[in-house]
Amino acid sequence: MNMTRIAHQEAQLLPDAPASSNVRPNGATGASSANLPVVRAEALTKRVATAEHELTIVNNVHFTVQAGEAVAVVGASGSGKSTLLGLLAGLDTPTSGRVLIQGTDLNSLDEDGRAALRGRLVGFVFQSFQLLPSLTARENVMLPLELAGMDQARERAEAILTRVGLGERMGHYPRQLSGGEQQRVAIARAFVTEPKLLFADEPTGNLDARTGQSMIELLFELNRERGTTLILVTHDVQLANLCGRRLTIAAGEIVESADAPGGQGAA
Ligand SMILES: Nc1ncnc2c1ncn2[C@@H]1O[C@H](COP(=O)(O)OP(=O)(O)O)[C@@H](O)[C@H]1O
Ligand SMILES: [Mg+2]
């Protein structure tokens, strides 16, 4: 199967696919960006028009995340967590305010520019997985590597799929996998390029306790060993407690920002 052809056909379906193949594998961006916050949100606001009125989903959010931090975003269902994550990753555009990723204002980039920046720096685990149905688990995980022109895509994809416990499922299509297995493929796909910044939207939401535990270990291994910045939406108290900081969001606003002394990746 010609992966390059598939990659080009289906690249647009993969929101975090890099648009350029001329990117460095692990998002090294040079000395000039070393001391900049990885993520900075300024007066970030997202409104949508509904039939009756305008709804404010994310309301005037400010915060800064330094390299190597692990931040948990918690809050009730419908409070705006997924929308906030999409804005921070440049998958969605704000109504007002801005997001800077390592000093780059996402508002200054067009869609292709944002995709190229994501391809270089960002991994994203979607709440709804967003696997490509016509590709096997292996091909789904290979795709971001193929798009970035990274070598040994097959070997790397197989290694990470084995690491998430799917060594026997690599040739299966998403429809042949359980929800929890699909979630692990989505995690593998987000990890495989070794991004500097990893967003994960309820990454343990579909997993049993033991599998969830091993995915949490994988996330924090990346945080410790490679300094990967983690921004995680979660309802999992144990996972939130492992993070160095917890942002609580209610009705689109950050209502509390608390350091967790026992957590990892403290600023
Ligand atoms: N495109 C949209 N149009 C209208 N309402 C939306 C849209 N996207 C999200 N919402 C609403 O915004 C609120 C926040 O959604 P979401 O960010 O998914 O919350 P959470 O991830 O915290 O459960 C919800 O009430 C949701 O229904
Ligand atoms: Mg959500």
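A residue is called buried if 20 or more other C-beta atoms lie within 10 Å of its own, exposed if 12 or fewer do, and partly exposed in between, with the C-beta atoms placed from the backbone. Helices (H or I, at least four residues) and strands (E, at least two) are DSSP runs, numbered from the N terminus. The structure is a predicted model, in which local features need pLDDT of at least 70 and side-chain atom pairs count only at pLDDT 80 or more, while totals for chains, interfaces and linings use all residues. Residues are numbered from 1 along each chain as its sequence is written, and chains are lettered from A and ligands numbered from 1 in the order in which they are written.

We can start with strand β8, which covers residues 229-233. Five of its five residues are buried, so the strand is largely enclosed by the rest of the structure.

The neighbours of β8 come next, and here two strands are said to pair if DSSP finds at least two bridges between them. Strand β3 (residues 70-74) runs parallel to β8 and is joined to it by four bridges, with Ala72 standing opposite Leu232. Strand β7 (residues 197-201) also pairs with β8 in the parallel sense, over five bridges, and in this pairing Leu197 stands opposite Thr229. Together with helix α7 (residues 209-226), β7 and β8 make a right-handed β-α-β unit; right-handed means that, with the strands pointing away from the viewer, the path from the first strand over the helix to the second runs clockwise.

Elsewhere, four strands form an open sheet in the order β2-β1-β4-β5, with antiparallel pairing. Its edge strands are β2 (54-65) and β5 (104-105), each of which pairs on one side only. Strand β1 (residues 39-49) runs antiparallel to β2 and is joined to it by eight bridges, and one residue to look for is Arg47, whose bridge partner in β2 is Thr56.

The residues around ligand 1 include Val48, Leu55, Ile57, Gly75 and Lys81. The elements that give two or more residues to this shell are β2 and α2 (81-88), and the largest share, three residues, comes from α2. By class, the shell has three nonpolar, eight polar and one charged residues.

Most residues other than glycine have a negative phi. Gln130, however, has a positive phi near 55°; Gln130 lies in the loop between β6 (122-125) and α4 and is partly exposed because 17 other C-beta atoms are within 10 Å. Gln152 likewise has a positive phi near 55°, and its place is in the loop between α4 (137-147) and α5 (153-163). Gln152 is exposed, because 11 other C-beta atoms are within 10 Å.

Definitions and conventions:
A residue is near a molecule or strand if its C-beta atom, placed from the backbone, lies within 6 Å of it. Ala, Val, Leu, Ile, Met, Phe, Trp, Tyr, Cys and Pro count as nonpolar, Asp, Glu, Lys and Arg as charged, and the others, Gly among them, as polar.
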